[in-house]
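Biologist: I have a structure open in the viewer. Please show me how to read it, one feature at a time.

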Amino acid sequence: MKQLKVVFQNPNYVKLFLATFTSQMGNVIGMTAFMFYLLHRFSSQPSYATLAELMYSLPTLVVFFIVGVVVDRMNRQKIAANCDWISALLSIGLLLAVWIDWIPLIFVFLFVRSAISKFFLPAESSLIQGILDKETYTVAAGLNQIMGSLFLLFGGALGAMAYWSFGIMGAILIDALSFVASALLIQACSIQQQTLLPNGPHTWKDLKLKLIATDFKDGFAYILRNKLLLLLVMGFFIFGIVNGGLSVIPIFILKYKLAPTDYEQYSVWIGIIVGVALLAGSLVASVLSSKMKLYQLIATGLLISGVFLATAGLMTNLYLFFVLAFMTALALPAVNIGLGGWLPRIVAPQMMGRVQGWIGPLMMLSHSLTLGLIGISFPAVVSIEALFLIIGGCFVLAALYYFAVLPRFVEDEPLAPSQTQSAENAPSV
């Protein structure tokens, strides 16, 4: 609690936290409301709703190679604020596209806005690294996890209420105003120049193809060169596996095993159960992060989640499955908070953007590979029980490996190099 108080006594962090909250709120409300609009407007063409989902995920493939370079080379405060300003303008454009009912233009605005939003979190994370002390990084990671859990739990309801109360036009307008509020909060921060430009001033003209390619390669080499950092980044890769698996296997087990006739109704309940568990787990893990070593927090979360997830697949009773699903989700925030709290301790500020720029694509890669393998193998090759055992087993194996390997990095855990030190000369972990 003492560290939590210290964090919220930092005015810059409070503004950034509120900016992230309002920006995510805008995204969630807009995305959910727009999904309802498409399902209502084109009820006989559900492919439009699927295409809208792709407009939120596919831009990662387009911008992932440049995100980290831009965040490390340009003013991070301006990047975060401009992401919001541009997103607000694109939301207004989306309003016009909906008004004239031009579907191709709607999808163009959704795609471009999603691409712009990919720069926000790496820039915001890099700013937090510069305004907080090492001891409070884990607290910030815990707060972000709690925020994410709240949006998972209540975000859909917020979007639905906005759509039902104000229609698609009103929901998109709320979306735009949320981005404006976030941008103003970011611009109100007073942050040191070294945090804003750790690699010195650059202009957009400097970001030529050769520099982008070199920086992208340097980010990958930096991760490979640092054993501890590589292990933590692989943890995010594993998180992508569970995100991919858990996006489909709960509804699969409901439909094909536990509740074939009422699976839609129970899928809503499983969403609520998981949301509540993630929120509770975020609070518990935030407290435990000050009492446990971070490697213990990560590995214990993986182990508990893996065991309960594997066991859940063997259940034949619906309510026992709900209990095990709750326990699985309860332990997951410990992994995310541990990874998120450790990362800024060991990454040089000059390289934070490029490291963050690799995490998103790796998570999406493992997420997509998992969904692809499930799509190919289920139910022809593997049963629903096997899917739960495989994904849970991956978690258990990762936990055992982390328990064996990570402790030797703890005693001599390096600090992230100072902002005046060049990234190329940063000491290896």
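Modeller: Let us begin with a helix pair. Helix α7 (residues 120-131) packs with α16 at an angle of about 140°, and their axes are 9 Å apart. Helices here are DSSP runs of H or I with at least four residues, strands are E runs of at least two, and both are numbered from the N terminus. This is a predicted model: local features need pLDDT of at least 70, side-chain atom pairs count only at pLDDT 80 or more, and totals for chains, interfaces and linings use all residues. Residues are numbered from 1 along each chain as its sequence is written, and side-chain values use heavy atoms, with hydrogens and water left out.

Biologist: How do I read an angle and a distance for two helices?

Modeller: Two packed helices are described by the angle between their axes and the distance between the axes. Axes are lines fitted to C-alpha atoms, for helices over the stretch in contact, and angles run from 0 to 180 degrees between N-to-C directions. Angles under 35 degrees count as roughly parallel, over 145 as roughly antiparallel, 65 to 115 as roughly perpendicular and the rest as oblique. So α7 is oblique to α16.

Biologist: Which hand does the crossing of α7 and α16 have?

Modeller: The crossing of α7 and α16 is right-handed. A crossing is right-handed if the near helix is turned clockwise from the far one by less than a right angle, and left-handed if anticlockwise.

Biologist: Which residues of α7 and α16 make the contact?

Modeller: From α7 come Pro122, Ser125, Ser126 and Gln129; from α16 come Met352, Gly353 and Gln356. Contact means heavy atoms within 4.5 Å. By class, the contact of α7 with α16 has 2 nonpolar, 5 polar and no charged residues. Ala, Val, Leu, Ile, Met, Phe, Trp, Tyr, Cys and Pro count as nonpolar, Asp, Glu, Lys and Arg as charged, and the others, Gly among them, as polar.

Biologist: Now another pair. How do the axes of α11 and α17 cross?

Modeller: Helix α11 (residues 227-246) and helix α17 (residues 384-405) have axes that come within 10 Å and cross at roughly 165°. The two helices are therefore roughly antiparallel to each other. The crossing of α11 and α17 is left-handed.

Biologist: What classes of residue does the contact of α11 with α17 have?

Modeller: Look at the residues that meet. α11 brings Leu231, Leu232, Met234, Gly235, Ile238, Val242 and Gly245, and α17 brings Ile391, Phe395, Ala398, Tyr401, Tyr402 and Val405. The contact of α11 with α17 has 11 nonpolar, 2 polar and no charged residues.

Biologist: How should I read a nonpolar core?

Modeller: In soluble globular proteins, nonpolar side chains tend to be buried together. A nonpolar core is a set of buried Ala, Val, Leu, Ile, Met, Phe, Trp, Tyr and Cys residues joined through side-chain atoms within 4.5 Å. Buried means under 20% relative accessible area, exposed over 50%, and partly exposed in between, with a 1.4 Å probe and protein chains only. The largest nonpolar core here has 47 residues, and Leu229, Leu302, Trp342 and Val347 touch the most other members.

Biologist: Which element gives the most to this core?

Modeller: α11 does, with 11 residues. Leu302, leaving aside its neighbours within four places in sequence, is in contact with Ile238, Val335, Phe395, Val396, Ala398, Ala399 and Tyr402. Another core lies apart, with 37 residues, among them Ala81, Ile128, Leu132 and Ile212.

Biologist: Now single residues. Is Phe179 buried or exposed?

Modeller: Phe179 is buried, with a relative accessible area of 2%. Phe179 lies in helix α8 (residues 137-187). Beyond its neighbours within four places in sequence, its contacts are Ser23, Gly26, Asn27, Asp84, Ser87, Ala88, Ser91 and Arg113. Phe179 and Thr20 are 159 residues apart along the chain, yet their C-alpha atoms are separated by 9.5 Å.

Biologist: And is Lys208 buried or exposed?

Modeller: Lys208 is exposed, at 58% relative accessible area. Lys208 is found in the loop between α9 (193-196) and α10.

Biologist: What is the phi of Asp101?

Modeller: Asp101 has a positive phi of about 60°, although it is not a glycine. Its place is the loop between α5 (76-100) and α6 (103-117). Asp101 is partly exposed, with a relative accessible area of 33%.
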